[in-house]
Amino acid sequence: MARENTTKHSEPQTASVHLSLQGKGGVGKSLVAAILVQYFLARGETVYPVDTDPVNQTLSQYKALSVQSLPLMRDGAVDQRKFDALLERLLTESGTFVVDSGAATFIPLWYYMLENRVFESLATAGRRLVVHSVITGGQALGDTLSGFNDVGDGCREASLVVWLNEYFGPVRDEKGTPFMEMQVSQKHVQKILGSVSILRRTQDTFGRDIEEMIAAKMTFDAAIKNGKFSLMAKQRLKIVRDHLFDQLDALPLMGHVKAQLAGAAAMQG
């Protein structure tokens, strides 16, 4: 279980599962999982981070987050015994699970979940599954949109959070259309719970600070307390952290499931 300094959230806690999922590698999927773990800890949740990537276990490298390594693939297929064991934990244990899946496991894992009706099993047990999918600008835009579409096809209403990663460029198509106005977004609009933007900031200051923190696999809190970062670098890291956390605060991710779904419906108008 992950442990860091926390601030108790006023909302009652409920068991939930947050799955970071995207078929394109190298777009920030594990970073999203790490941000989610840090966010839930900061809001007083009991968090269980799980890294299921059989190839690049990036989330597991965040030592401060006490991540469980659990590769779910064997010989190119889902290891049913390991997945069943994980699902049993998700169905019976209280707390917030953050599961990071690898790009290589995207298709087999996702279809295994659909075939075994994992959404329905979790809902019946009073657990909620939220899928977090990264969309990135630049050359990977098309691939990430395709991965998002695959995920959207299998998601339930108000169960999908879109992370717009601008590191490689604005998340817009060749016509300048922003993601929320794209056809694929409109197709799954009822599935989208909300979005979080990872802004591209000044490379020589913010960019360098974030890259050094990520390269060292440090949490925001650890980096802010680390003597290797200057006072201004720490201030910039606080700005980035607070911007991300404020966006997550605006989404109905915590509290009772009914309250969460009511909040999602209100957001959709």
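By class, 17 nonpolar, 11 polar and six charged residues line the largest pocket, where Ala, Val, Leu, Ile, Met, Phe, Trp, Tyr, Cys and Pro count as nonpolar, Asp, Glu, Lys and Arg as charged, and the others, Gly among them, as polar. This is a predicted model, in which local features need pLDDT of at least 70 and side-chain atom pairs count only at pLDDT 80 or more, while totals for chains, interfaces and linings use all residues. Residues are numbered from 1 along each chain as its sequence is written, and side-chain values use heavy atoms, with hydrogens and water left out.

The largest pocket has a volume of about 740 Å³, and of its 34 lining residues V27, G28, L31, N165 and I214 lie nearest its centre. Two or more lining residues come from each of helix 1 (29-42), strand 9 (192-198), helix 7 (203-215) and helix 9 (231-249), with helix 7 giving the most, eight residues. Helices (H or I, at least four residues) and strands (E, at least two) are DSSP runs, numbered from the N terminus. On a 1 Å grid over the protein atoms alone, a pocket is an open set of points with protein on both sides within 12 Å along at least five of seven lines, whereas a cavity is a set where a 1.4 Å probe fits but cannot get out; lining residues have an atom within 4 Å of a point. Grid points are joined across faces, edges and corners, and a volume is the space filled by probe spheres set on the points.

The axes of helix 7 and helix 9 come within 9 Å and cross at roughly 85°, which makes helix 7 roughly perpendicular to helix 9; axes are lines fitted to C-alpha atoms over the stretch in contact, with angles from 0 to 180 degrees between N-to-C directions, and 65 to 115 degrees counts as roughly perpendicular. Their contact (heavy atoms within 4.5 Å) includes F206 and I210 of helix 7 and L237 and V240 of helix 9, and its residues divide into seven nonpolar, one polar and two charged.

The largest cavity holds about 110 Å³ of space and is lined by 13 residues, among them L19, F83, L90, V99 and M113, which lie nearest its centre. Helix 2 gives the most to this lining, with four residues, and the lining divides into 13 nonpolar, no polar and no charged residues.

Terms used:
Parallel < 35°, antiparallel > 145°, perpendicular 65-115°, else oblique.
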